Amino acid sequence: MELRALGNTGLKVSAVGFGASPLGSVFGPVAEDDAVATVREAFRLGINFFDTSPYYGGTLSEKMLGKGLKALQVPRSDYIVATKCGRYKEGFDFSAERVRKSIDESLERLQLDYVDILHCHDIEFGSLDQIVSETIPALQKLKQEGKTRFVGITGLPLDIFTYVLDRVPPGTVDVILSYCHYGVNDSTLLDLLPYLKSKGVGVISASPLAMGLLTEQGPPEWHPASPELKTACKAAVSHCKSNGKKITKLALQYSLANKEISSVLVGMSSVSQVEENVSAVTELESLGMDQETLSEVEAILEPVKNLTWPSGIHQN
């Protein structure tokens, strides 16, 4: 598995990152044994970067990931863990007090002494000025105390990143995590990459499958995409299937091909999913992408290219 530098952090993260939200049984039940086996297989196949949040499954994802990482029985420095603060099952709270409490709770669930990255989670739902003046300074203190090595921010609208990064001292935010903006149907993150590079900020991209739009089972009911976007993605999926191709592999490879993005996070909850994702990477490295199918899919998606939804996912 290729390892890529993450901004100025000095961390080398696997090109495919392990998105642990499915371990919180958010897309269907996942047994503890399966969760542990999935983490072990991911690590065995070269994935060293694991991402979670107390919000996923109402803390269940963190607990399951913690058990999986403990079962590896390898030195702590062999893997990289990111978790988040500010978003919880009960709602949003970006106050300094809650951030401090949050990391202690997360470390206990993860059975770790520190995390490598602590992100403010989905900051568009809070006051961006509070993020700048209160939340990020609180995260800086936790960094000084050694509870996190680096600080990040996550969210859907891309302008939240420039808003915050333009208002904090250089080096204050080490990483951003963007989702649904670097895939076959939406590549708007591309426009922001030179800016992020100029700020020395590492880039993680999540959800190359657009939260289920680019899968055979289709998006969940609550998916906020427009009917037009859903219909086009469904047509692209059908086109691949009728030609014996997997759109999930193509979409992941498309996202992985841009080396400016340090890691592409993919949700995983089974050994077979891990193997499928890793084989997509190795195939990309050895054979390259299926350009013919990609061109056909891009043509289908052209009318809805970069058509996104206005804000993040606000599920109750």
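This is a predicted model: local features need pLDDT of at least 70, side-chain atom pairs count only at pLDDT 80 or more; totals for chains, interfaces and linings use all residues.
Residues are numbered from 1 along each chain as its sequence is written, and side-chain values use heavy atoms, with hydrogens and water left out.

## Cysteines

A disulfide is a pair of cysteine sulfur atoms within 2.5 Å. By this rule, the count is zero disulfides. Take cysteine 233, which is in no disulfide. The nearest cysteine sulfur to it belongs to cysteine 180, 10 Å away.

How accessible are these residues? Buried means under 20% relative accessible area, exposed means over 50%, and partly exposed is in between (1.4 Å probe, protein chains only). Cysteine 233 counts as buried because its relative accessibility is 0%. Cysteine 240 has 1%, so cysteine 240 is buried as well. Cysteine 180 is also buried, at 6%.

## Aromatic rings

A pair of aromatic rings is described by the distance of the centres and the angle of the planes. Here, rings of Phe, Tyr and Trp (its six-membered ring) pair if their centres lie within 6.5 Å; planes under 30 degrees apart count as stacked, over 60 as edge-to-face and the rest as tilted. Helices (H or I, at least four residues) and strands (E, at least two) are DSSP runs, numbered from the N terminus.

The structure holds five aromatic pairs. Which kind of pair do phenylalanine 18 and phenylalanine 50 form? Their planes are at 40° and their centres 5.3 Å apart, so the pair is tilted. Phenylalanine 18 sits in strand S3 (residues 16-19) and phenylalanine 50 in strand S4 (residues 49-51). Phenylalanine 18 is buried, at 0% relative accessible area. Phenylalanine 50 is buried too, at 0%.

Now for a tyrosine pair. The planes of tyrosine 182 and tyrosine 254 are at 25° and the ring centres 5.7 Å apart, so this pair is stacked. It also links distant parts of the chain, 72 residues apart. Tyrosine 182 is in the loop between strand S10 (175-179) and helix H6 (193-198), while tyrosine 254 is in helix H8 (residues 247-256). Both tyrosine 182 and tyrosine 254 are buried.

Elsewhere, Phe92, Phe94 and Phe125 form a cluster linked by ring pairs.

## Charges over rings

A charge sits over a ring if NZ of Lys or CZ of Arg is within 6 Å of the ring centre and within 35 degrees of the ring normal. The table gives two cases.

| Charged residue | Ring | Distance from ring centre |
|---|---|---|
| Arginine 98 | Tyrosine 88 | 4.1 Å |
| Arginine 167 | Tyrosine 163 | 3.5 Å |

## The second largest pocket

On a 1 Å grid over the protein atoms alone, a pocket is an open set of points where a 1.4 Å probe fits, with protein on both sides within 12 Å along at least five of seven lines; lining residues have an atom within 4 Å of a point. Grid points are joined across faces, edges and corners, and a volume is the space filled by probe spheres set on the points.

The second largest pocket holds about 220 Å³ of space. Its lining has 13 residues, and Gly7, Lys197, Val201, Glu260 and Ser262 lie nearest the centre. Which element gives the most to this lining? H6 does, with three residues. H6 and strand S11 (202-206) each supply at least two.

The lining divides into five nonpolar, five polar and three charged residues. Ala, Val, Leu, Ile, Met, Phe, Trp, Tyr, Cys and Pro count as nonpolar, Asp, Glu, Lys and Arg as charged, and the others, Gly among them, as polar.

## Backbone angles

Most residues other than glycine have a negative phi. Aspartate 122 is not a glycine, yet its phi is positive, about 55°. Aspartate 122 lies in the loop between strand S8 (115-120) and helix H4 (128-144). It is buried, at 6% relative accessible area.

Cysteine 180 returns here. Its phi is positive, near 65°. Cysteine 180 is in the loop between S10 and H6.
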